[in-house]
Each structure stands twice: as C-alpha cells, then as structure tokens.
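Here are my notes on the model you asked me to look through. I have kept them as numbered points so that you can follow along in your viewer.

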Amino acid sequence: MDQQKIGCFIARQRKEKGMTQGELAGKLGITDKAVSKWETGKSMPDLSLFVPLCTLLEITLNELFAGERILAEQLKTKTDEVLLQVITDWLGGDAGSGKRKEAEGTALCDILKVENVSKRYRAGGLETAALHQVSFRVEKGSFVGIMGASGSGKTTLLNLIAAIDSPSEGVIEIGGKRTADLSDEEMAKFRREHLGFIFQEYNLLNTLTIYENIALALTIREEPEKDMDGRIRKLAGKLDIQSVLMQFPYEVSGGQRQRCACARAVVMKPDIILADEPTGALDSASARQLLDTFTMLCKEEGAAILMVTHDVLSASYCDRILFMRDGEIKTSLERGDADRQTFFARILQKTAWLEEESWK
Ligand code: ADP
Ligand code: MG
C-alpha cells in the first residue's frame, strides 16, 4: 500500500471537488489535522471512514486503495491486485490460512435448515415484516456470519432459530427435527441439549464463580460430577481461562467473561451456537481471541456457529456470510479456499456495494 500516493490522490480529488481540508474534515466529523495527515501520507483513514470518504470524493474503494483513477477495462486485475496488497499490509503478513476443510471422508450434513421463513409482528394494528421468505442451510461444524444494518432482522432470525419466538410462515429444522413440532417442555429440553447461546451481555450469574457458571448447565442435565470436572477443566484450558475459574464474573476482564460464556455454551456440546454480536463489547485483542476460539470450536468440537456481527474483521473469520437487508437475505459470500485477508477484502467490497445499492 502506497500511503503517499493515496494521500496525493485524496488531496487531488478533494481539490477537484472544490473542498478545503477543513470542509472535508467537517463533512466526515473529524479534525483538519487528520485530513492533513492522510494527504501527506503520514496516516490512513480509519476503516469506518472509507465508504463516506469515497462517497464524498466520488471515487470507488479500489481507486482509493490504488491511489489513482481506474479505467473500467483495467478494473478486474487492478481490483484484485490492489485490494490484496492493501489488506495484507493492513492486517499484517500472516493472519492464518483459510483452509479449513472437513477431514477426508467426513460426510457433510446440514445441521440447520431454514426454509421460506417469514415473521410479521403486529403492534397497534400495524404490521411489520421483520423477516420475509428467508431460506438457508448450515452444515455441521461451519462458521456462518450474518451481517446487516440495524433493523434488518438479524436478532429476529436468531430468536426464531432458538425457538424463543415462532415464525409466521416457513419451517426451521435443527438436526432433522422441526422446532414447531415440539411442545414447550420438549423445546426447553431441546434447547438445553442442542443449542448454545452467547450474547453480548454475557448473562453470567454474579453469585457463582466462573467454574460454577460453566458447571450449572451440566448440573441441570444431571451429569456425573467427575466427568463434569474433567470436561470443564479441559475446556477452560482451551479457552485460556483456567486461572480465573475460582473467581467471580465481576472480578475478571470482559474478554475472560465472554470466553466463560463461550465455555458455558459449548460445555454441553451443542450442535449450534447462536451468538449475537459477541465481539461487540470487547477490545480488539479479546475479540481476536474469541474469534480464534470460535474457529477452534467449529474444527475440534464440530459445533456450527451462527454469529451476528457488524464488524468486517470478525466476519472474516467465518466460512460464509449472509448479508441481510429489510428482512431478506440479499446475498451471501463463501470463503472457499481463500485466506482471511482475501476474504476480508471481499466482504469489504460486498459491504460497500450493498451500501451503494441501498441508496438507489
Ligand atoms: P436487527 O437485529 O437486525 O437489528 P431485529 O430483528 O431486531 O433487527 O428487528 C427487525 C425488525 O422487526 C425491526 O423493524 C424491528 O423494529 C421489528 N421488531 C423486532 N422485534 C419486534 C417485536 N417484538 N415487535 C414488533 N416489532 C419488532
Ligand atoms: Mg439485533
């Protein structure tokens, strides 16, 4: 990435639009100094500013990264070349390979099927379509991300899968069982045995130690104590929380609490883990650790994970991303054999494209 070149390009485009550094800064809600630093190649705009900056300068993301106008006929090669280089520079040399194939001979099977699911809410005679004809499948052991603006239906979708709420239309099957066919009691049992939840607010009990919080789930299932202890300690080791097991939730860091919630969710060996913005409240180091944990859980414990996230970096850990808007899945991206940097670039591009589409 040539920061100097990008800086000159920003300055040129800004002048072409007849804006001063101060005016551009004002429109982006940042200081003049920040714009001056970009233009002299001393720093790069923050990730969150890429899209608004490009909109203001009327350039594409690729052009911003390339630091020059790109002619339509060069677009394809330039795009791949530039984005890859930028992302590699930005995320650091080796962020791990994306190759996460199932072991040879392991049959792939769909653990979750969502078919033509719609959800309408009625409030005061007014009907809101929170979900409209949503269909997708999730394979065992895969890590699926759900992205979309606020209000696009992400939480509604997780609630329907968790059978906290029921669809107005359509069918949800987990492990071959239709959730609608289960009685309340059967559903509670099913949830305990097959689903794990990780939500932003952790939901840990403050009067119990971390160890007891994790054990609680197993106690409910009346597991023999000695099996329980072994499993909790092994999992705590993998999640790097063995040193805080005897402490209370309020005595440990946010990252450790989140990993404890993670341990509690997986100790039951659920088929699916549902996570609603699990990295939302974490600093970037804790977020990375949690995402590495998720990847490990998919690979080693065979859990499928469905994760709602706003963050492109978190999404880049997934095998597949579903992009939601206005209660529908607008498009999706498969990671395939791509490494994380490449996938990150593709998600970023898709996000920018969707943003452009939504203005049309
Ligand atoms: P997201 O999680 O993507 O922000 P939600 O699933 O929370 O979106 O909401 C999708 C839409 O459904 C929104 O328009 C929201 O106002 C509406 N909605 C969600 N839950 C309810 C509810 N319990 N009653 C009425 N409307 C709801
Ligand atoms: Mg939500």
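1. Arg120 has Ala129 of E2 as its bridge partner, and Lys119 is paired with Leu131, also in E2. Altogether, 10 bridges join strand E1 (residues 110-123) to E2, and the two run antiparallel. Strands (E, at least two residues) and helices (H or I, at least four) are DSSP runs, numbered from the N terminus. Two strands count as paired if DSSP finds at least two bridges between them.

2. A word on the ground rules before going further. This is a predicted model, in which local features need pLDDT of at least 70 and side-chain atom pairs count only at pLDDT 80 or more, while totals for chains, interfaces and linings use all residues. Residues are numbered from 1 along each chain as its sequence is written, chains are lettered from A and ligands numbered from 1 in the order in which they are written, and side-chain values use heavy atoms, leaving out hydrogens and water.

3. Now the rest of the sheet. E1 is also joined to strand E4 (residues 169-174), by five bridges and again antiparallel; here Glu115 stands opposite Val171. The open sheet has four strands in the order E2-E1-E4-E5, with antiparallel pairing. Which strands stand at the edges? They are E2 and strand E5 (177-178); each has a single partner strand, so one side of each is left without a neighbour in the sheet.

4. Please look at the backbone angles too. Most residues other than glycine have a negative phi. Gln133, in strand E2, has a positive phi near 50 degrees, and Glu58 has one near 55 degrees. Glu58 sits in the loop between helix H4 (50-57) and helix H5 (61-66). With a relative accessible area of 55%, Glu58 is exposed, whereas Gln133 is partly exposed at 39%. The classes are buried under 20% relative accessible area, exposed over 50%, and partly exposed in between (1.4 Å probe, protein chains only). Gly124 also takes a positive phi, near 55 degrees, in the hairpin of E1 and E2, which has two residues between the strands.

5. Glu169 of strand E4 is worth a click. Its side chain makes a polar contact of 3.1 Å with that of Arg120. A polar contact is a pair of N or O atoms within 3.5 Å; within protein, one must be able to donate a hydrogen and the other to accept it, and residues adjacent in sequence count only if both atoms are side-chain atoms. Not counting residues up to four places away in sequence, Glu169 touches Asn116, Val117, Ser118, Arg120 and Gln133, where contact means heavy atoms within 4.5 Å. Glu169 is partly exposed, at 34% relative accessible area.

6. Which residues surround ligand 1? They are Tyr121, Thr128, Ala130, Ala149, Ser150, Gly151, Ser152, Gly153, Lys154, Thr155 and Thr156, each with a heavy atom within 4 Å of the ligand. An N or O atom in the side chain of Lys154 is 2.8 Å from a ligand oxygen. Backbone polar atoms also approach ligand oxygens, at 3.0 Å from Gly153 and 3.2 Å from Ser152. The protein covers 60% of the 560 Å² of accessible area that ligand 1 has on its own (Shrake-Rupley method, 1.4 Å probe; for residues, only the protein chains shown count as cover). Strand E2 (126-139) and H7 each give two or more residues to the shell, and H7 supplies the largest share, three residues.

7. H7 (residues 154-161) also holds Ile161. Ile161 is buried, with a relative accessible area of 0%. Leaving aside residues up to four places away in sequence, Ile161 touches Leu112, Val114, Phe136, Ile172, Ile174, Leu195, Leu274 and Leu306. The C-alpha atoms of Ile161 and Leu112 are separated by 8.7 Å, and the two residues are 49 apart along the chain.

8. Last, is Asn213 buried or exposed? At 1% relative accessibility, Asn213 is buried. Asn213 belongs to helix H9 (residues 210-220), and a polar atom of its side chain lies 2.9 Å from the backbone nitrogen of Leu205.
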